[in-house]
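Trainee: I am new to this structure and would like to ask how its descriptions are reached. Please show it first.

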Amino acid sequence: DPDNVRFRQTRINWLQAKGDFKAAKTAIDELLEKADDDRSVASELLFQRAGLLQSMGKHAQAVADANKAFEYANVTRKPGDDGTYDPEAVNGRAYIIARAAAASQVSDEELGKAYEDMLELIRFWHVNLDSFAAETESLGPSLSFRYNELMFLDTFAYVRLQAGEPQEALRDFNRCLAMCEHLTALAKNNARNLGEGETMRRMIRQLAETRAVILHHRGETYRRLGN
């Protein structure tokens with residue numbers, strides 16, 4: 001079905017993973033031309049294009065797309081502001097800005113906004129390693145919710161690294177790895193439950209990939225610290 005947006009987005013991800021950035025960008029540009037009337041879809045596509053642009057080394061354009069996605073989706077930067085507070089969108093934009101900062105292609109002002117946004121998000125989400133471990137013991141069905149918490153802390157740590165706080169970032173990355181190990185153990189335990197096996201196996205694979213990213217981020221932090 002050539003008009004199925006989800007299928008075409010998946011195909012774009014495949015093209016990007018294959019390294020065919022030109023074909024991927026052409027495909028997503030075509031989708032965006034047709035999505036103007038549906039701003040929620042356009043916002044999602046802009047975030048996807050931002051990730052693609054960063055794979056191409058075009059970080060400034062990626063940040064511009066992320067900002068436009070915020071505008072389209074009417075996303076607010078703080079809970080309680082007029083509009084929609086979307087933690088995943090806040091997290092996504094902050095990570096794009098942090099990656100741009102790592103490539104020295106974003107302003108200090110943009111990086112400062114990302115820092116403030118993630119600090120607010122971490123507070124709002126009550127990210128705490130001790131409470132995280134205690135609460136997840138009996139929350140098998142909520143693993144995806146807790147996975148978001150892990151992603152948020154990883155992004156905040158990466159923003160902190162770019163903002164000149166490598167020691168604090170290292171502490172947070174270590175917390176992320178502990179959270180990752182805890183969720184993996186929980187997913188393996190729940191994989192034995194009737195009807196949850198395949199879902200939990202997918203979660204375990206996803207956590208393994210996430211752990212690789214966190215280790216890469218921690219490696220950058222050690223390098224910044226001269227270790």
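Trainee: What makes Ser-104 count as buried or exposed?

Mentor: Its relative accessibility is 66%. Exposed means over 50% relative accessible area, buried under 20%, and partly exposed in between (1.4 Å probe, protein chains only). Ser-104 therefore counts as exposed. This is a predicted model, in which local features need pLDDT of at least 70 and side-chain atom pairs count only at pLDDT 80 or more, while totals for chains, interfaces and linings use all residues. Residues are numbered from 1 along each chain as its sequence is written, and side-chain values use heavy atoms, with hydrogens and water left out.

Trainee: Where does Ser-104 lie?

Mentor: Ser-104 lies in the loop between H5 and helix H6 (108–125). Helices are DSSP runs of H or I with at least four residues, numbered from the N terminus. The phi of Ser-104 is near 55 degrees, a positive value in a residue other than glycine.

Trainee: Why is Asn-74 called partly exposed?

Mentor: Its relative accessible area is 47%, so Asn-74 is partly exposed. Asn-74 is found in the loop between helix H4 (59–73) and helix H5 (87–102), and its phi is also positive, near 55 degrees.

Trainee: Why are H8 and H9 called roughly antiparallel?

Mentor: Helix H8 (residues 143–162) and helix H9 (residues 166–190) pack at about 165 degrees, with axes 8 Å apart. Axes are lines fitted to C-alpha atoms over the stretch in contact, and angles run from 0 to 180 degrees between N-to-C directions. Angles over 145 degrees count as roughly antiparallel, under 35 as roughly parallel, 65 to 115 as roughly perpendicular and the rest as oblique. H8 and H9 are therefore roughly antiparallel.

Trainee: Which hand does the crossing of H6 and H8 have?

Mentor: H6 passes H8 in a left-handed crossing; that is, the near helix is turned anticlockwise from the far one by less than a right angle, whereas clockwise would be right-handed. H6 and H8 pack at about 145 degrees, with their axes 9 Å apart.

Trainee: Which residues of the largest nonpolar core touch the most other members?

Mentor: Met-118, Leu-150 and Val-159 do, out of 60 residues. A nonpolar core is a set of buried Ala, Val, Leu, Ile, Met, Phe, Trp, Tyr and Cys residues joined through side-chain atoms within 4.5 Å. H8 gives the largest share of this core, 10 residues. Residues that Met-118 touches include Phe-152 and Val-159, where contact means heavy atoms within 4.5 Å.

Key. Helices (H or I, at least four residues) and strands (E, at least two) are DSSP runs, numbered from the N terminus. Lists of a residue's contacts leave out its neighbours within four places in sequence.
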